[in-house]
Amino acid sequence: MALDEARKFAEKKLERSLTTVESYGVGTSVAVVSALLTNPLDVAKTRIMCEREGIARTYSSFGSAFSGTLQREGWKGLFRGSIPRVSGFPSF
């Protein structure tokens with residue numbers, strides 16, 4: 001959905017169809033933005049999943065994992081791991 005909208009937007013701006021390289025660039029850009037926007041959610045999910053059973057739990061819910069990470073580590077903590085995640089996308 002986002003990819004189709006981005007392609008339509010680019011074609012409208014350029015007033016022509018996209019070349020293969022341009023289409024590749026649009027697709028990669030959409031993938032990078034998507035990965036960056038969802039990374040904080042993945043960090044919170046992973047922190048909950050990595051808690052060991054039988055040990056005092058740090059997080060009681062997804063919201064507490066998200067807000068707790070934000071309070072203790074700031075935005076940097078929520079975007080931890082985003083560089084390796086984004087660098088996995090193909091590039092020239």
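Colleague: Is E5 buried, partly exposed or exposed?

Modeller: This is a predicted model, in which local features need pLDDT of at least 70 and side-chain atom pairs count only at pLDDT 80 or more, while totals for chains, interfaces and linings use all residues. Residues are numbered from 1 along each chain as its sequence is written, and side-chain values use heavy atoms, with hydrogens and water left out. Buried stands for under 20% relative accessible area and exposed for over 50%, with partly exposed in between (1.4 Å probe, protein chains only). Since the relative accessible area of E5 is 47%, the residue is partly exposed.

Colleague: Which residue does E5 meet in a salt bridge?

Modeller: A salt bridge here is a side-chain nitrogen of Lys or Arg within 4 Å of a carboxyl oxygen of Asp or Glu. The two partners are three residues apart in helix α1, and therefore separated by about one helical turn, where helices are DSSP runs of H or I with at least four residues, numbered from the N terminus. At 3.9 Å from N to O, the partner of E5 is K8.

Colleague: Where in α2 does the kink lie?

Modeller: Helix α2 covers residues 20-49 and reaches 40 Å from its first C-alpha to its last, close to the 44 Å expected, the expected span being 1.5 Å times one less than the number of residues. The bend at a residue is the angle between axes fitted to the seven residues ending there and the seven starting there. By that angle, a kink of about 40 degrees lies shortly before the proline P40, at N39.

Colleague: What covers the buried residues of α2?

Modeller: Those buried residues include V26, A35, N39, P40 and R47. With contact taken as heavy atoms within 4.5 Å, the cover includes α1, α3 and α4.

Terms used. Helix = DSSP H or I, 4+ residues; strand = E, 2+ residues; numbered from the N terminus.
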